[in-house]
Amino acid sequence: MDSIESVVAQIQGLSSNSQDIAQLHSFLKQSEEFLRAESTRLAPVLLQLDLVKHSLGYLYVLDACMCAPIPKEQSHELVSTVATFINGCAADQIRLAPEKFISICKRFKEQVILIEAPIRGVAPMLTAIQKLQLSPEQLTTLHPDFLLLCLLTKCYKIGFSILGDDIFEIDQPRDFFLYCYYGGMICIGQKQFRKALELLQNVVTAPMSTLNAIAVEAYKKYILVSLIHLGQFSTSFPKYTSSVAQRNLKNYSQAYLELANSYSTGRISELETCVQTHKDKYQSDNNLGIVQQVVSSMYKRNIQRLTQTYLTLSLQDIAITVQLSSPKDAEMHVLQMIEDGEIYANINQKDGMVRFLEDPEQYKTCEMIEHIDSSIQRIMMLSKKLTDMDERMSYDPSYLAKVGKEKQRFDFDDFEGVAPKFNL
């Protein structure tokens, strides 16, 4: 390589069509060492390139610029440059060098955290995911980074927007663990406890040969969300859970299992005693806020139990039965539960009586029919997808080789008729 000018000339001259871009890609791969050696002199080169037309060349030059340590005073300018590139680059070009694009985006995430401005990374990272993805079913290695930025900035709604996609393609197991863990936390922030439970369970039950810290933290939150959403927690694992998780997760979560035991008694005083006993542990795990939601959910759960026994009840009686401090406190809880659709009731302000009602949903409105139809369509799509995946797996060479080895080790056909028969 003679000079930076010749690199610029090649980028500008070989970006007009797909054949030229393929040739440029080969040239840039051969020029990587030169670009890295000249990293401190490349910033002006970016000004000579068009973001859209020269996306691939811009990507390689920007990657080389970022390979050296970045002084903090230059971080703000770099963040702006990368954000502009992510928003303006051509998706078809950056997909030719996905590892470069991912590397830049990850360093971009580190920089926005370093300058304590993670909010500046949220929108560009979402755009980066959309440009990198070949389909919404693909989990990229940028998904966890995006969700982390959403958590740091409390942009739960934006983070939640990508969690509705059904994921079928995963490159790295760690990305899946972090995606589900961060996604579960986003859902907790959005009070979407059902989805949070699903994502956290995915972490706990995912295949693993050794226990990891993500699974341990996910299991703690899984216990808490189960109590909030279901009002109970079962210590038994689904049968497809790895033996490593089944053997070890409980050992790291004793304070949370004790909380679940206290919750099952239905006595608020016992639950609060348990919270005080393990308060330092919950705080050090950054779970104290969710634990407090667990306590609040017990009040709601106890009020819901009253709806199964009484048609009318005074606010005073509700406060005494549920162990709330006053009828006014009981009224606030009941009103919030009515607003959230957790109970159906009317409050008579004159005499302070609460009248519990039946669920008014008749499941025959247009909206409900559309919802049911949408659910059926989604289940049919998932069923077809699983059938296709099963078919592809059935002739996958690596899978067949593994199954063949297992069959040699455990060929039960050889033992046919050997097992003794018992008369019962």
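Is M393 buried, exposed or partly exposed? In this predicted model, M393 is partly exposed, because its relative accessible area is 43%, which lies between the 20% limit for buried and the 50% limit for exposed.

M393 is located in helix α22, which covers residues 366-394. Together with Y395, Y399, L400 and V403, M393 forms a nonpolar patch on the surface, and the accessible area of these residues together is about 490 Å². The most is given to this patch by helix α23, residues 397-409, with 3 residues.

I turn now to H25, in helix α2, which spans residues 18-30. H25 has a relative accessible area of 13% and is therefore buried. Apart from neighbours within four places in sequence, H25 is in contact with L56, Y60, L96 and A97. With regard to Q93, which is 68 residues away from H25 along the chain, the two C-alpha atoms are separated by 9.4 Å.

My last topic is the sheet. An open sheet is formed by 3 strands, in the order β3-β5-β4, with antiparallel pairing. Strands β3 (312-314) and β4 (345-348) stand at the edges; each has a single partner strand, so one side of each has no neighbour in the sheet. From one strand to the next, the twist averages 20°.

The antiparallel pairing of β3 with strand β5, residues 353-356, extends over 3 bridges. Within β5, M353 is the bridge partner of S314. Finally, helix α20, residues 315-322, lies across β3, β4 and β5, and runs at about 80° to β3.

Terms used:
Residues are numbered from 1 along each chain as its sequence is written. This is a predicted model: local features need pLDDT of at least 70, side-chain atom pairs count only at pLDDT 80 or more; totals for chains, interfaces and linings use all residues. Side-chain values use heavy atoms; hydrogens and water are left out. Helices (H or I, at least four residues) and strands (E, at least two) are DSSP runs, numbered from the N terminus. Buried means under 20% relative accessible area, exposed over 50%, partly exposed in between (1.4 Å probe, protein chains only). Contact means heavy atoms within 4.5 Å. Patches are made of residues with over 30% relative accessible area and no salt bridge: like charges are joined within 9 Å, nonpolar side chains (Val, Leu, Ile, Met, Phe, Trp, Tyr) within 5 Å. Accessible areas come from the Shrake-Rupley method with a 1.4 Å probe; for residues, only the protein chains shown count as cover. A salt bridge is a side-chain nitrogen of Lys or Arg within 4 Å of a carboxyl oxygen of Asp or Glu. Two strands pair if DSSP finds at least two bridges between them. Axes are lines fitted to C-alpha atoms, for helices over the stretch in contact, and angles run from 0 to 180 degrees between N-to-C directions.
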